[in-house]
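The following exercises concern one protein chain. Each task is followed by a solution that goes step by step.

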Amino acid sequence: MKKRLIDVHAHLQDSDFSKDFPDVIERSKNSDIAGIINVGSDLPSSRKAVQLAESESFLWAVVGVHPHDAKTWNSSTELELEELLKNPKVLGIGETGLDYHYDLSPRPQQMLVFESQWKLASKLSIPIVVHVRDAFDDFFKIISGKPPPPKVLLHCFSGGMNEAR
């Protein structure tokens with residue numbers, strides 16, 4: 001069987017998979033899946049995504065702080081993300097962005113965390129996975145005039161054709 005699919009956004013490090021993780025891995029190995037990229041939402045889930053990536057040759061990681069978890073960001077978060085990004089199994093930053101639909105973190109904090117990660121991805125010239133829900137005005141204000149990362153994957157997109165353009 002030729003392996004031809006890559007899951008670019010999984011969360012196998014979530015506790016939902018704690019009981020059947022070995023079975024999920026085995027089924028993945030016996031399918032068309034060539035790779036799975038596990039995406040962090042905060043530092044603990046990012047660390048776990050890296051650990052899983054190191055444990056299986058077809059697993060990879062993306063590390064970052066999700067807008068829901070922006071409230072967990074502190075002065076050392078960016079430094080630890082930079083350290084995690086040195087691992088060859090880590091492909092980029094994410095999932096980051098803005099989510100004004102749920103507002104689980106204060107909007108000013110979401111904006112600060114997103115801008116910090118955008119700048120870091122640009123500085124390190126690595127891809128970024130972005131989540132934008134009901135927040136396009138601020139999203140465009142934040143990225144306007146800033147150097148972009150080499151690749152941007154919009155994972156959560158609540159916009160229309162104008163925003164896509």
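This is a predicted model: local features need pLDDT of at least 70, side-chain atom pairs count only at pLDDT 80 or more; totals for chains, interfaces and linings use all residues.

**Exercise 1.** Compare the radius of gyration of the protein chain with that of a compact globule.

*Solution.* The radius is taken over C-alpha atoms, and the globule rule is 2.2 Å times the number of residues to the power 0.38. For 165 residues the rule gives a value near 15 Å; the chain has 16 Å, which agrees. Along the principal axes, the C-alpha atoms fill a box of roughly 45 × 35 × 30 Å. Of the 165 residues, 47% are buried (under 20% relative accessible area, with a 1.4 Å probe and protein chains only).

**Exercise 2.** Describe the packing of helix H4 against helix H5.

*Solution.* Two packed helices are described by the angle between their axes and the distance between the axes. The axes of H4 (residues 107–124) and H5 (residues 136–143) come within 10 Å and cross at roughly 40°. Axes are lines fitted to C-alpha atoms, for helices over the stretch in contact, and angles run from 0 to 180 degrees between N-to-C directions. H4 and H5 are therefore oblique to each other, as angles under 35 degrees count as roughly parallel, over 145 as roughly antiparallel, 65 to 115 as roughly perpendicular and the rest as oblique. Met111, Phe114, Glu115 and Trp118 of H4 make the contact (heavy atoms within 4.5 Å) with Asp138, Phe139, Ile142 and Ile143 of H5.

**Exercise 3.** Is phenylalanine 58 buried or exposed, and which residues does it touch?

*Solution.* Phenylalanine 58 lies in the loop between helix H2 (43–55) and strand S3 (59–63). With a relative accessible area of 10%, phenylalanine 58 is buried. Residues up to four places away in sequence not being counted, phenylalanine 58 touches Ile25, Ser28, Lys29, Ala34, Gly35 and Ile36. Lysine 146 is 88 residues from phenylalanine 58 in sequence and 34 Å in space, C-alpha to C-alpha.

Note on methods
Residues are numbered from 1 along each chain as its sequence is written. Side-chain values use heavy atoms; hydrogens and water are left out. Helices (H or I, at least four residues) and strands (E, at least two) are DSSP runs, numbered from the N terminus. Buried means under 20% relative accessible area, exposed over 50%, partly exposed in between (1.4 Å probe, protein chains only).
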